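Hello,

Here is the structure we talked about handing over. Please open it first, then read the notes below.

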Amino acid sequence: MPTESGSCSAARQAKQKRKSHSLSIRRTNSSEQERTGIPREMLEGQDSKLPSSVRSTLLELFGQIEREFENLYIENLELRREIETLNERLAAEGQVIDGAELSKGQLKTKASHSTSQLSQKLKTTYKASTSKIVSSFKATTSRAVCQLVKEYIGHRDGIWDVSVARTQPVVLGTASADHTALLWSIETGRCLVKYTGHVGSVNSIKFHPSEQLALTASGDQTAHIWRYAVQLPTPQPVADTSQICGEDEVECSDKDEPDVDGDVSSDCPTIRVPLTSLKSHQGVVIAADWLVGGKQAVTASWDRTANLYDVETAELVHSLTGHDQELTHCCTHPTQRLVVTSSRDTTFRLWDFRDPSIHSVNVFQGHTDTVTSAVFTVGDNVVSGSDDRTVKVWDLKNMRSPIATIRTDSAINRINVCVGQKIIALPHDNRQVRLFDMSGVRLARLPRSSRQGHRRMVCCSAWSEDHPTCNLFTCGFDRQAIGWNINIPALLQEK
């Protein structure tokens, strides 16, 4: 067995001795300067085994740490003053933000073997502390203006689309990957009608503007029009859901999803045959909508085309071609014969049917990834959302560049605009739903916690501007739709 030579042994002992001295100096200097407050000049005059250059470098590093503490302390005080100012504004509403945690020593860190590691830990801890305070204020704001009212649970798979009826009685409609569409009582959350006519995923649902008709698009390459008749049940008292966690993120797994093994929609009336079936696509029909007046309907498909149908005869009127890749969405103007289609080719197109003899098309280019949806607003504006994590507001009279751009931290799914108040609801892949105004100013984020809110990707949202109980609905891959009450006057006032 090889033995260690005398020279190697001596070198190892010398190395261990130097390491021991280095650790001793580091502990002694830090403890003396922090606990006894000995000035740096006195420390520099003490005897040390370290070379003067090394000792000078160490003292300079400790000085940088001290200055960093001072900067953090000053910023800490400024944050406390800002919180006190905000508390004065919220005092009339009885809402107070507790910023006292700053004085409880949250800027703590363990000793490190390297001054750079110590400095980094201080920065990380400080950011976490201040983020908690800022998010606490935002959570209070969200609770004041956005409250979860009702959950609609009954689907066996993810929900792609949600819509609100335009006629009385006002009901909620959901389209799901479980091949069904369900109609719900908004007040009670009870399933009223189940539609099972499709043999593929139901990707979209829209209500007729004046009759009790629903239009659904499906992965079976068809769109169906079916008639429903519902009677609303007696409303039950709404449970208090104001005690919710706000913007503090809580990671949830699939086990947190609602338990819907018992199909709550099994006892409601079932419609199995459509009134009209619209057939001509060669691929998945991803969306469908009614043109103004309800006599025609438009569909968007993965076969790269959109089709315009006559509702009464189910005949194809126009085939709208031009997109280079699969379509993702279509939307119609509420008062004019205009259609907008979005596509994976990073564009959306405006189709004009106001002149019966011709139909024109305009192409909007501005996104760098799939345009997931584009919707009309009041006047001559269109709002588009994309997987490139941006939302753009466009003026139809100037297609060259958007008039506003909203940048987010996650891909955006089917957006919806509150026409009367001009508020945009943005559902995200990261389970969040954010509210913005038309100029791009963020108004609020819907609260979400481990107990309430969506637990997986949010696919779509729909406004119901005149409903007294819920005026925003969202749906997602967690197999549930949620009704929210949005205090719009308070929301706009806080802006």
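Is strand β24 mostly covered or mostly open, and how many of its residues are buried? β24 is mostly covered, with five of its five residues buried. Buried means under 20% relative accessible area, over 50% is exposed, and partly exposed lies in between (1.4 Å probe, protein chains only). Helices (H or I, at least four residues) and strands (E, at least two) are DSSP runs, numbered from the N terminus.

Before the rest, two notes on the source. This is a predicted model, where local features need pLDDT of at least 70 and side-chain atom pairs count only at pLDDT 80 or more, while totals for chains, interfaces and linings use all residues. Residues are numbered from 1 along each chain as its sequence is written, and side-chain values use heavy atoms, with hydrogens and water left out.

The chain overall

The chain has 495 residues, and 49% of them count as buried. It holds five helices and 29 strands. Take the contacts (heavy atoms within 4.5 Å) with a separation of 6 or more: residues 24 or more positions apart account for 53% of them. The chain exposes about 24,600 Å², and carbon and sulfur atoms supply 49% of that area. Areas come from the Shrake-Rupley method with a 1.4 Å probe; for residues, only the protein chains shown count as cover.

Two strands pair if DSSP finds at least two bridges between them. β23 and β24 run antiparallel, joined by three bridges. N416 has A425 in β24 as its bridge partner. Four residues lie between these strands in their hairpin, where K422 takes a positive phi near 60 degrees.

In β24, I423, A425 and P427 point one way. I424 and L426 point the other way, and all are buried.

Next comes β25, antiparallel to β24 and joined to it by five bridges. P427 pairs with V433, and L426 stands opposite R434. This hairpin has five residues between the strands, and R431 has a positive phi near 80 degrees.

Why is β25 largely enclosed by the rest of the structure? Because five of the five residues of this strand (residues 433-437) are buried. V433, L435 and D437 point one way from β25, R434 and F436 the other.

β25 also runs antiparallel to β26 (residues 442-445), with three bridges. L435 has A444 as its bridge partner there. Four residues sit between the two strands of this hairpin, and G440 in the turn has a positive phi of about 95 degrees.

The largest pocket

A pocket is an open set of points on a 1 Å grid over the protein atoms alone, where a 1.4 Å probe fits, with protein on both sides within 12 Å along at least five of seven lines; lining residues have an atom within 4 Å of a point. The largest pocket is lined by 38 residues, and V164, R166, N416, V419 and W463 lie nearest its centre. Elements giving two or more residues to this lining include β2 (159-164), β23 (416-418) and β27 (458-463).

Best wishes
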